[in-house]
Amino acid sequence: MRTLHTAPLLRLTRNDGPPPGQPAPAEGESLPDPPAAGDGGSLSGWAVLVDGDRIEAVGPVGELTQAYPTVRVRRWPGTLGPALVHDGPLPPAASPRERVHALLRMGVGAVLAGHLTDPALRAAAARNDVAVLDVARPLALTVGSRADLAVFADDGQCLATVVAGRLVHRRA
């Protein structure tokens, strides 16, 4: 099933600063990195078309809705961009499932393998389609790539996370 994700602003890649209102990460720690609204890397009126677990198209909303008139459209507030890569220990929680879900609430779509040495954590990440990377690399919204998206409010809070084309977190 195809889904068109759109927001007032779209970022094709991530920048390197911490989210607004949050301190810079301590050495060896990673924090979510939402795009800054209105900066030069943001596109207004653009969307990401997802088919299954892949990005099928990226372009102006009008063009994509015209080309795919029956597509399901999800309109998000905030800024839509690639999901985050988490480079640090997973947040503490009562169970491995809850630890992985804490990442999804932060807009994370990938984790470095070195932080998933516990088999229960690795299994929880796999069940939620969280990508496991050997080395950190920036995620980008490109045609044919895995559909890992996140939406952030202006204050840096994650509003929604899509992992492998599946909505896994939505802030109420």
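Modeller: What follows is a close look at one pair of helices and their surroundings.

The model is predicted, so local features need pLDDT of at least 70 and side-chain atom pairs count only at pLDDT 80 or more, while totals for chains, interfaces and linings use all residues. Residues are numbered from 1 along each chain as its sequence is written, and side-chain values use heavy atoms, with hydrogens and water left out.

First, the setting. The chain has 3 helices and 13 strands (DSSP runs, H or I of at least four residues for helices, E of at least two for strands, numbered from the N terminus). Of its 172 residues, 46% are buried (under 20% relative accessible area; exposed is over 50%, partly exposed in between; 1.4 Å probe, protein chains only). Take the contacts (heavy atoms within 4.5 Å) between residues at least 6 apart in sequence. Of these, 66% join residues at least 24 apart.

Now the pair. Helix α2 spans residues 96-105, and helix α3 spans residues 119-127. Their axes come within 8 Å and cross at roughly 50 degrees (lines fitted to C-alpha atoms over the stretch in contact, angles from 0 to 180 degrees between N-to-C directions). The crossing is right-handed (the near helix is turned clockwise from the far one by less than a right angle).

Which residues meet? From α2 come P96, R97, R99 and V100. From α3 come A120, L121, A124 and A125. By class, this contact holds 6 nonpolar, 2 charged and no polar residues (Ala, Val, Leu, Ile, Met, Phe, Trp, Tyr, Cys and Pro are nonpolar; Asp, Glu, Lys and Arg charged; the others, Gly among them, polar).

Consider α3 alone. L121, A124 and A125 are buried there. They sit on the same side of α3, because they cover an arc of only 100 degrees around the axis (taken from the directions from the axis to the C-beta atoms). P119, A126 and R127 are exposed on the other side. The buried residues of α3 pack against α2.

Turn to α2. Its buried residues are V100, A102, L103 and L104. These pack against α3, and also against strands β8 (84-86), β9 (108-112), β12 (158-163) and β13 (166-170). Just after α2, G107 takes a positive phi of about 90 degrees.

V130 counts as buried, because its relative accessibility is 7%. Leaving out residues up to four places away in sequence, V130 touches V100, L104, G109, A110, V111, A125, R146 and V163. V130 and L103 are 27 residues apart in sequence, and their C-alpha atoms are 9.4 Å apart.

Last, the end of α2. R105 and R171 are 66 residues apart in sequence and 8.0 Å apart in space, C-alpha to C-alpha. R171 sits in the segment after β13. R171 is partly exposed, at 43% relative accessible area. Beyond residues up to four places away in sequence, R171 touches Q157, C158 and L159.
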